Amino acid sequence: MGEKGKETIEKTIRSGRVRAICTSERRGTEKHAVSEARFEKGYGIRGDAHAGNWHRQVSLLSYDKVKEFNERGAKVVDGAFGENLVVEDLDFRSFPVGTILECEDVVLKMTQIGKECHTHCQIYQRMGECIMPVQGVFAEVLVSGTIHVGSVMTARFPDGTEPFTAAVITMSDKGSKGERADESGPAMKARLKAAGFDVVEALLLPDEKGLLKRELVRLSDQRQVDLILTSGGTGFSVRDTTPEATLEVMTRNVPGIAEAIRAESMKYTKRAMLSRGVSVLRNKTLIINLPGSPKAVRESMEIVLESVQHGLGILRGSESECAR
């Protein structure tokens, strides 16, 4: 292998050592240190209250960040932040979502960076801050096995060949109350899956701008999905605030996608001109507002999906810009 090849591997692989394993039998109770733990595929740690069929099966913290926090007077013990694994020499916060973590025969995949802190814990009350919401990461278990304290963990970064990830959000007051079946969400999800996307979340929300903004930020920053599609809330009604919420979280505008949807949709109905949907970037996440009806959702996705995939490839760095 040439020097360039070795340098590439070194840039995408890191290793550290497990300093602590922590579990708790009941939610709301402090985790305690154990010498080993059994990790179950698609579930988490056997006997841990936070395990389950969701994307936050295992929580991890960098030992170096905990050590630094303790040097400032925190004096916390292993498990105090609710973390499952404390690992030395791995700066999880700097790793991208999708990073593969291998330890003994266990394989984990990072699914989220940080989390929202709803209630300030005792550590926050004493120190004025808590590192878990910022430095903590979460993972799902891909391969079952056992991890022991002292085991070596290897982190392997995504190489750009993984499927694009996506989330879909349906905005509907009636749908969120169960008064109307959501057909647009499943339509978005089915079309994305057919195109090879990994759809990691599907949400049904009331037409509340603040709530949508919070979810767009979470999905973009913490889950780092490549694409978010919203449906509904793009009309003239007072509660149609999807475009405003989207514009308020953007870092760059991408007007051409929304313009293409309106222009092509005019061939089906002149009322397409009334849609106020927008398309933007929040860092490396593309967010596109689609109309509310399932039919319009399917038509819109057929118009833009191929070009969108090319754009996502450019964002990821796996494809290059092209000019004609």
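User: What should I know about the model before reading it?
Analyst: In this predicted model, local features need pLDDT of at least 70 and side-chain atom pairs count only at pLDDT 80 or more, while totals for chains, interfaces and linings use all residues. Residues are numbered from 1 along each chain as its sequence is written, and side-chain values use heavy atoms, with hydrogens and water left out.

User: How many residues has the largest nonpolar core?
Analyst: That core has 26 residues, and Phe39, Leu60, Leu85, Phe92, Leu108 and Met153 are those with the most contacts inside it. A nonpolar core is a set of buried Ala, Val, Leu, Ile, Met, Phe, Trp, Tyr and Cys residues joined through side-chain atoms within 4.5 Å; buried means under 20% relative accessible area, exposed over 50%, and partly exposed in between (1.4 Å probe, protein chains only).

User: Which element gives the largest share of this core?
Analyst: The largest share, 4 residues, comes from β8. Strands are DSSP runs of E with at least two residues, and helices are runs of H or I with at least four, numbered from the N terminus.

User: Is there a second core, or why do such groups form?
Analyst: A second, separate core of 23 residues includes Phe164, Val199, Leu281 and Leu286. In soluble globular proteins, nonpolar side chains tend to be buried together.

User: Now Leu274: where is this residue found?
Analyst: Leu274 lies in the loop between α9 (255-265) and β16 (279-282). Leu274 is partly exposed, with a relative accessible area of 40%.

User: Which residues of helix α8 are buried?
Analyst: In α8 (residues 242-249), they are Thr242, Pro243, Ala245, Thr246 and Val249. They are on the same side of α8 because they cover an arc of only 165 degrees around the axis, taken from the directions from the helix axis to the C-beta atoms.
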